[in-house]
Amino acid sequence: MVALQIRDVPEEMRDRLSAIAGERGQSLQAYLFDVLADEVRRRDNLAVLQRFTAGRYGTRLDTADVLDALRSGRSERDAALGVPGAEE
């Protein structure tokens, strides 16, 4: 592991961060590690969402194929449940 150092942190900010860490039952170091880990996870989640938004998630199905599969599955489910008007 590496060590990180943040310089020029105002004392008031350090004190507030220490208080928050204490409220969570953590040391300041453990609390700041969690804050950094959360930030990294959020970035990873954003990257995944951006891949889906850009359509780079590996599917070869187009929208019509997906809608047909949904309609078919719902019809089968409704018929199995005895929903009136369901295709059998």
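Q: In this predicted model, which residues in helix 2 meet Arg 14, Leu 17, Ser 18, Ile 20 and Ala 21 in helix 1?
A: Helix 1 covers residues 11–23, and helix 2 covers residues 28–53. Contact here means heavy atoms within 4.5 Å. On the helix 2 side, the residues that meet helix 1 are Leu 28, Tyr 31 and Leu 32.

Q: Are helix 1 and helix 2 roughly parallel or roughly perpendicular to each other?
A: Two packed helices are described by the angle between their axes and the distance between the axes. For helix 1 and helix 2, the axes are 8 Å apart and the angle is about 90°. Angles of 65 to 115 degrees count as roughly perpendicular. Helix 1 and helix 2 are therefore roughly perpendicular.

Q: Which residue forms a salt bridge with Arg 14?
A: Side chains of opposite charge can pair when their charged atoms come close. Here the closest N and O atoms are 2.9 Å apart, and the cut-off is 4 Å. The partner of Arg 14 is Asp 15.

Q: Are Arg 14 and Asp 15 buried, partly exposed or exposed?
A: Buried means under 20% relative accessible area, and exposed means over 50%. Arg 14 has 40% relative accessibility, and Asp 15 has 41%. Both values lie in between, so Arg 14 and Asp 15 count as partly exposed.

Q: How far apart are the closest N and O atoms of Arg 41 and Asp 38?
A: Arg 41 and Asp 38 sit three residues apart in helix 2, so about one helical turn separates them. Arg 41 is partly exposed at 47% relative accessibility, and Asp 38 is partly exposed at 30%. The two form a salt bridge, and its closest N and O atoms are apart by 2.2 Å.

Q: Which residue is linked with Glu 39 and Arg 42 in a network of salt bridges?
A: Start with the pair itself: Glu 39 and Arg 42 meet in a salt bridge at 3.0 Å, N to O. They lie in helix 2, about one turn apart. Glu 39 is partly exposed at 35%, as is Arg 42 at 46%. The network also links Arg 43.

Q: How many salt bridges does a search of the whole structure find?
A: Among them are Arg 14 with Asp 15 and Arg 41 with Asp 38. Glu 39 with Arg 42 is another. For the whole structure, the search finds eight.

Q: What pattern does the protein follow along the sequence?
A: The protein has three helices and zero strands. Buried residues make up 5% of its 88 residues. Read along the sequence, the pattern is α-α-α.

Q: Where is confidence highest in the protein?
A: The protein averages a pLDDT of 87, and 90% of the residues score at least 70. Confidence is lowest in helix 2, with a mean of 86. The highest mean is 97, in helix 1.

Note on methods: Residues numbered from 1 in each chain as written. Predicted model: local features only at pLDDT ≥ 70, side-chain atom pairs only at ≥ 80, totals over all residues. Heavy atoms only, no water. Salt bridge = Lys/Arg side-chain N within 4 Å of Asp/Glu carboxyl O. Buried < 20%, exposed > 50% of the residue type's maximum accessible area, 1.4 Å probe, protein only. Helix = DSSP H or I, 4+ residues; strand = E, 2+ residues; numbered from the N terminus. Axes fitted to C-alpha atoms, helices over the stretch in contact; angles between N-to-C directions. Parallel < 35°, antiparallel > 145°, perpendicular 65-115°, else oblique. pLDDT = per-residue confidence, 0-100.
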